[in-house]
Amino acid sequence: MVEAPRPRNRRGDPIDPVPFLVTTGLAFTVVFSFGPIYGLAYGLSLRSALALSGAAFAGATALAHRQLVRSAPALDAGPLPPGPRVERLFYGAVALGVALVALTLPLL
């Protein structure tokens with residue numbers, strides 16, 4: 001049986017592609033669920049709102065690729081220490097809070 005090629009980080013080590021695929025899929029659903037609606041609420045045309053949503057999705061995909069593919073540790077690198085993991089979780093929670101507040105602005 002032929003094994004599918006695994007994506008590699010910048011050092012050439014194979015990595016797990018699932019976190020990148022999940023993050024990209026979630027970014028697509030969130031951006032294209034909220035983006036056009038809020039673009040129309042801010043007075044943009046549908047074409048502009050969709051284009052802006054596409055640009056936001058491309059930016060989120062590029063950021064996810066840099067963080068989860070290019071900078072990823074190798075599969076055999078072992079677990080990350082708890083300090084950086086907690087720090088990443090904290091910053092992710094802050095970013096989610098900021099995004100939720102930004103999504104409520106047109107509703108005020």
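**The largest pocket and its setting**

A: Overall dimensions come first. For 108 residues, a compact globule would have a radius of gyration near 13 Å, whereas the protein chain of this predicted model has 17 Å. Along the principal axes, its C-alpha atoms fill a box of roughly 50 × 35 × 20 Å. The secondary structure consists of three helices and zero strands, and the pattern read along the sequence is α-α-α.

Now the pocket itself. The largest pocket has a volume of about 640 Å³. Its lining is made up of 24 residues. Those that lie nearest the centre of the largest pocket are Val30, Val31, Phe34, Ala99 and Leu103. Three elements, H1, H2 and helix H3 (82-104), each give two or more residues to this lining. The most comes from H3, which gives 10 residues. Sorted by class, the lining of the largest pocket has 19 nonpolar and four polar residues, together with one charged residue.

Two of the contributing elements, H1 and H2, also pack against each other, and their geometry can be stated separately. Two packed helices are described by the angle between their axes and the distance between the axes. Helix H1 covers residues 18-41 and helix H2 covers residues 46-70; their axes come within 8 Å and cross at roughly 160°. Angles over 145 degrees count as roughly antiparallel, and H1 and H2 are therefore roughly antiparallel to each other. The crossing in which H1 passes H2 is right-handed. The contact of H1 with H2 contains 17 nonpolar residues and eight polar ones, with no charged residues.

By class, the lining of the second largest pocket divides into eight nonpolar, two polar and two charged residues.

To return to the part in question: the largest pocket, at about 640 Å³, has a lining to which H1, H2 and H3 each give two or more residues. Of its 24 lining residues, 19 are nonpolar, and H3 gives the most to the lining.

Note on methods: Residues numbered from 1 in each chain as written. Predicted model: local features only at pLDDT ≥ 70, side-chain atom pairs only at ≥ 80, totals over all residues. Heavy atoms only, no water. Axes fitted to C-alpha atoms, helices over the stretch in contact; angles between N-to-C directions. Helix = DSSP H or I, 4+ residues; strand = E, 2+ residues; numbered from the N terminus. Parallel < 35°, antiparallel > 145°, perpendicular 65-115°, else oblique. Left-handed = near helix turned anticlockwise from the far one by under 90°. Nonpolar A, V, L, I, M, F, W, Y, C, P; charged D, E, K, R; others polar. 1 Å grid on protein atoms, 1.4 Å probe; cavity = no way out; pocket = protein on both sides within 12 Å on 5 of 7 lines; lining within 4 Å. Points joined across faces, edges and corners; volume = space filled by probe spheres on them. Rg over C-alpha atoms; globule rule 2.2 N^0.38 Å.
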